[in-house]
Amino acid sequence: MLVTFFRTLILYIVIVFGVRLMGKRQLGELQPSELVVTILISNIATLPIEEIETPLFSGLLPILSLVTFEVIISAINLHSRRMRRLFSGSPVVVIKNGEIDQQKLRELRFSVDDLMAQLRQDQIFALDEVDFAVVETTGKLSVYQKYGARTLTPKTLELPDQPAQNAPPLVVVSDGYVYSDYLALCGRDMEWLEGIAASRRTTIRDIFVMTLDQAGNYHLVEREVKG
């Protein structure tokens with residue numbers, strides 16, 4: 001039992017390291033080669049865990065090899081457009097000037113239901129609102145709406161720019177831990193933070209979460225007292 005635990009732990013650490021090495025992507029954004037590697041690694045990793053007689057190195061070697069291949073291929077793709085197209089394909093325009101390219105949809109085996117489902121994910125429920133739509137190499141649909149259907153922006157409404165309001169609030173304290181880099185980005189220091197905590201009759205250690213923006217607006221939530 002203990003042997004199985006340690007073998008699983010070692011494989012877990014190696015796979016996490018390998019995935020980090022391959023780069024950060026969400027599952028729905030994986031390129032074809034990355035998806036293949038992910039599936040193969042998940043299958044290979046189960047063998048040394050389930051079969052104690054199998055040498056651990058026999059499981060680690062193919063996993064490390066796959067990760068190495070993927071890193072090498074990614075590096076080649078980065079510098080070669082032809083190889084990038086070979087391994088990842090190319091984006092395909094399926095709606096152009098408001099017209100659906102039915103031939104392209106058939107080539108991609110992309111049904112009308114698939115098209116509508118992805119449009120709804122972008123909060124678009126009417127086809128006549130779409131000007132251009134592109135199926136990316138990850139399978140995700142990128143949509144450019146017609147002028148009359150686009151979301152209003154401050155520029156459209158000719159509102160004055162307010163640079164201090166553009167930056168989003170940052171988490172400067174999380175469960176008593178201070179993110180000093182984020183605090184500095186907001187133009188504040190520890191002395192200011194301690195003053196805010198004192199004004200709320202609490203301490204930094206007792207702050208559950210605190211967000212702050214560059215204008216100095218903050219939101220503070222104190223840690224709940226355990227009953």
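Lys96 stands opposite Glu99 in strand β2. Strand β1 (residues 92-96) and β2 pair in the antiparallel sense over two bridges. Strands here are DSSP runs (E, at least two residues), and helices are DSSP runs of H or I with at least four residues, numbered from the N terminus. Two strands count as paired if DSSP finds at least two bridges between them.

This is a predicted model, in which local features need pLDDT of at least 70 and side-chain atom pairs count only at pLDDT 80 or more, while totals for chains, interfaces and linings use all residues. Residues are numbered from 1 along each chain as its sequence is written, and side-chain values use heavy atoms, with hydrogens and water left out.

β1 and β2 form a hairpin with two residues between the strands. Asn97 takes a positive phi there, near 55 degrees. Ile95 has partners in two strands. In β2 the bridge partner of Ile95 is Ile100; in β3, Ala133 stands opposite Ile95. Three bridges join β1 to β3, and the two run antiparallel.

The open sheet has four strands in the order β2-β1-β3-β4, with antiparallel pairing. β2 (99-100) and β4 (141-145) stand at the edges with a single partner strand each, so one side of each is left without a neighbour in the sheet. In a regular strand, side chains alternate between the two faces of the sheet.

**Asp131**

Asp131 is found in strand β3 (residues 130-135). Asp131 is buried yet has no salt bridge. Buried means under 20% relative accessible area, exposed means over 50%, and partly exposed is in between (1.4 Å probe, protein chains only). A salt bridge needs a side-chain nitrogen of Lys or Arg within 4 Å of a carboxyl oxygen of Asp or Glu. The nearest side chain of opposite charge is Arg150, 4.7 Å away. For charge, Lys and Arg count as positive and Asp and Glu as negative; His and the chain ends are not counted.

Leaving aside neighbours within four places in sequence, Asp131 is in contact (heavy atoms within 4.5 Å) with several residues, among them Ile95, Lys96, Asn97 and Tyr144.

**Strands β5, β6 and β7**

Strand β5 (residues 170-174) runs antiparallel to strand β7 (residues 207-212), joined by four bridges. β5 also pairs with strand β6 (residues 177-178), again in the antiparallel sense, over two bridges. β5 and β6 form a hairpin with two residues between them. Asp175 in the turn has a positive phi of about 55 degrees.

| Residue | Bridge partner |
|---|---|
| Leu170 | Leu212 in β7 |
| Val173 | Val178 in β6 |

**Aromatic side chains**

Rings of Phe, Tyr and Trp (its six-membered ring) pair if their centres lie within 6.5 Å; planes under 30 degrees apart count as stacked, over 60 as edge-to-face and the rest as tilted. By this rule there are three aromatic pairs. One of them is Tyr177 with Tyr179, edge-to-face at 5.1 Å centre to centre, with 85 degrees between the planes. Tyr177 is exposed, at 52% relative accessible area. Tyr179 is partly exposed, at 33%. Ring pairs link Tyr177, Tyr179 and Tyr182 into a cluster.

Arg188 lies over the face of Trp192, 5.4 Å from the ring centre. The rule requires NZ of Lys or CZ of Arg within 6 Å of the ring centre and within 35 degrees of the ring normal.

Phe6 is in helix α1 (residues 2-22). Phe6 is partly exposed, with a relative accessible area of 43%. Phe6 and Ile49 are 43 residues apart in sequence and 9.5 Å apart in space, C-alpha to C-alpha.
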